[in-house]
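This report goes through the pockets, cavities, salt bridges and one surface patch of a structure. Please look at the sequence and the 3D view first.

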Amino acid sequence: MITKQQMQDLAMLARVGVPEAELDQVAGEIDAIVGYIDILNTVNVEDIVDMPLQVNVTHADANATTTGTYFDTLIAAAPDSQDGFYKVPKIL
Amino acid sequence: MALDLKNLTIEKAHAMLVAKEISVAELVEAHLAHARIADKEIHAFIELFEHESDRVAKAQAMIDAGTATMLTGIPYGIKDNILVEGHIASAGSRMLRDYTASYSATVIKKLDAVGAIPMGRTNMDDAAMGSSTESSYYGPTKNPRNTSRVPGGSSGGSAAAVAADMCLFALGTDTGGSVRQPASFCGIVGMVPTYGAVSRSGAIPMGSSLDQIAPFAKNVAEAKVVFDVIKGFDGMDAQTLTQETRAKLAEKPAGKVIGVPRHLLEMEGINAEVKANFDASIEKLKTLGYEIRDIELPHAHLSLAVYYIIMPAEVSTNLSRLDGMRYAFRAPGKDLLETYMKTKYEGFGKEVRRRILLGTYVLSAGYYDAYYNKAIKVRSLIKSDYEKVFASGVDSVLVPTSPSVAFKPGEKSDPLSMYLADIFTVTANLCHMPAISVPSGVDSEGLPFGIQFTANQGMEETMFSIANDFEKNS
């Protein structure tokens, strides 16, 4: 069972607000899903060497466009901006 | 002239365009006019593109110059999580409600190059998370086959748009069945390609080891036409396969052996009529000269559990970028932390928030080994089950697309019951295999069934050939 405290910690970790009134319900839903995925505990995977389906692929970091081409478009997409800068809440 | 949109296909429209019986403008306007009226009830589209005259003119010029190909001038729908430059791409979410794409997805550029006409953005579950299109920020879509039912999801708008003859094909994205399941519910064809066959550049990511862009069409041959246009290596998606890799993967013998994992049909929650329809489909394949072979996939029943660990883990990672700082929605709070928390709470619907939380849970230090690490190991076990089956000479594995026909809105209100709708579709994504859903008749209430053919990696040609045989004899 996921406790209320664990649920609050999880919400903080995920940066997703979960109002006090919804904590129990969301915890119950996560519990039910975790109960279902616990079926994997029936499988012994000790000897299994993970065979990754994917590998990291890197490519040359070439400049795809000229600096500044998308400047106005991208700043216009910001929730808040000032003088061509992103405007964000104070960090410190 | 009045067009018979109901019986119109890409092939027929192409023939009429080339023969100058209709113009591109007339073909597009006929679909728009139909959609303006029919979509009042269905709600397949979030927005119709009414001002594509440049693209229309370019397509008409290609036809007039004799350089038209099959998709030139053909109107198509685009799931709202695929970027078209200058248009909003919201992923059906409040979070991206006002987000305008600054570039076009690679698939859109490829379709532009052949002169296809984007007709609008189609409805979808919030951030592609759902199996019914009920969780869209813009309200639900109805199933054109029976408006008291859901169209499936998450690409429900694309499926409904094609099924209701509002466009001739549509693009969706498939992370765990989000093209195949709605195709099945709406009685049309939908597929997922081999992972890496189609570039995801310009698709809003969900689960990056699972996501693929894929077409909906009215028949198998036309799904193949679209796939052939949108596939190919792209430097903008590092996971796309090169031509050489694709050719190598396709160098396997192909025959007429269908593998049937009957044990999977014995799982709980599979509708009796679906099972009967499945048996009837097997009989039909026998009469078409296919060898039916019983197969065992000992770990396949674990697919859904594996999927509901890996997918939320990747979702929680991918969606962390939507924090309300550089683009998209922001709900201001008293400080930075509260702004983050409020932005995600108000920007995303319940299901998206639940998956972010679940993904964070399975990736957290205390549970990483128990869940995520275990899931990736079981994933490789499931993959090796399929590899063995294909190595034994099976060409395609047959299962129903969905454990039920289209259900009613609100019927699956608890998350787990909704997740079970994906039980037959997630495996292809987990194992990077191509799969296609083909209509296989209707139930006692006239609701469509879908049958799903899964093939080995890179073996789309075989998959299309078998699916085509099945469809032609329906």
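Which element gives the most to the lining of the second largest pocket? It is H13(B), with 5 residues.

## Basis of the report

This is a predicted model, in which local features need pLDDT of at least 70 and side-chain atom pairs count only at pLDDT 80 or more, while totals for chains, interfaces and linings use all residues. Residues are numbered from 1 along each chain as its sequence is written, chains are lettered from A and ligands numbered from 1 in the order in which they are written, and side-chain values use heavy atoms, with hydrogens and water left out.

## Pockets

A pocket is defined on a 1 Å grid over the protein atoms alone, as an open set of points with protein on both sides within 12 Å along at least five of seven lines; lining residues have an atom within 4 Å of a point. A volume is the space filled by probe spheres set on the points, which are joined across faces, edges and corners. Helices (H or I, at least four residues) and strands (E, at least two) are DSSP runs, numbered from the N terminus.

The largest pocket has a volume of about 1,200 Å³. It is lined by 43 residues, and B:Leu83, B:Tyr103, B:Ser201, B:Gly202 and B:Arg321 are the closest to its centre. Helix H4 (106-113) and strand E6 (212-217) of chain B each supply at least two lining residues, and the largest share, 3 residues, comes from H4(B). By class, this lining has 20 nonpolar, 15 polar and 8 charged residues. Here Ala, Val, Leu, Ile, Met, Phe, Trp, Tyr, Cys and Pro count as nonpolar, Asp, Glu, Lys and Arg as charged, and the others, Gly among them, as polar.

The second largest pocket has a volume of about 320 Å³. Of its 21 lining residues, B:Ser135, B:Glu351, B:Lys412, B:Ser413 and B:Met418 are the closest to the centre. H13 and helix H15 (415-419) of chain B each supply at least two residues of this lining, which has 5 nonpolar, 7 polar and 9 charged residues.

## Cavities

Rolling a probe the size of a water molecule over the atoms shows where empty space is left. A cavity is a set of grid points where a 1.4 Å probe fits but cannot get out. The count comes to 6 cavities of 30 Å³ or more.

About 130 Å³ of space lies in the largest cavity. Among the 19 residues that line the largest cavity, B:Leu264, B:Tyr386, B:Ile423, B:Phe424 and B:Thr427 are the closest to its centre. The lining divides into 12 nonpolar, 6 polar and 1 charged. The second largest cavity holds about 100 Å³ of space. Its lining includes A:Glu29 and B:Arg354, and helix H2 (23-37) of chain A and helix H13 (350-363) of chain B are the elements that give two or more residues to it. H13(B) gives the most, with 4 residues. By class, the residues of this lining are 4 nonpolar, 2 polar and 5 charged.

## Salt bridges

Side chains of opposite charge can pair when their charged atoms come close. A salt bridge is a side-chain nitrogen of Lys or Arg within 4 Å of a carboxyl oxygen of Asp or Glu. The structure holds 28 salt bridges over all chains. A:Glu29, B:Glu351, B:Arg354 and B:Arg355 are linked in a network of them.

B:Arg200 and B:Asp237 meet in a salt bridge (2.6 Å, N to O). B:Arg200 lies in the loop between strand E5 (189-192) and E6 of chain B, and B:Asp237 in the loop between helix H7 (220-230) and helix H8 (243-249), 37 residues apart. Buried means under 20% relative accessible area, exposed over 50%, and partly exposed in between (1.4 Å probe, protein chains only). B:Arg200 is buried, with a relative accessible area of 13%, and B:Asp237 is buried, at 5%.

B:Asp98 forms a salt bridge with B:Arg97, the closest N and O atoms being 3.8 Å apart. B:Asp98 counts as exposed, at 60% relative accessibility, whereas B:Arg97 is partly exposed, with 29%.

## A nonpolar surface patch

A:Tyr70, A:Leu74, A:Tyr86, A:Val88 and B:Tyr103 form a nonpolar patch on the surface, with about 420 Å² of accessible area together. Patches are made of residues with over 30% relative accessible area and no salt bridge, with like charges joined within 9 Å and nonpolar side chains (Val, Leu, Ile, Met, Phe, Trp, Tyr) within 5 Å. Accessible areas come from the Shrake-Rupley method with a 1.4 Å probe; for residues, only the protein chains shown count as cover. A:Leu74 lies in helix H3 (residues 71-76) of chain A and counts as partly exposed, at 41% relative accessibility.
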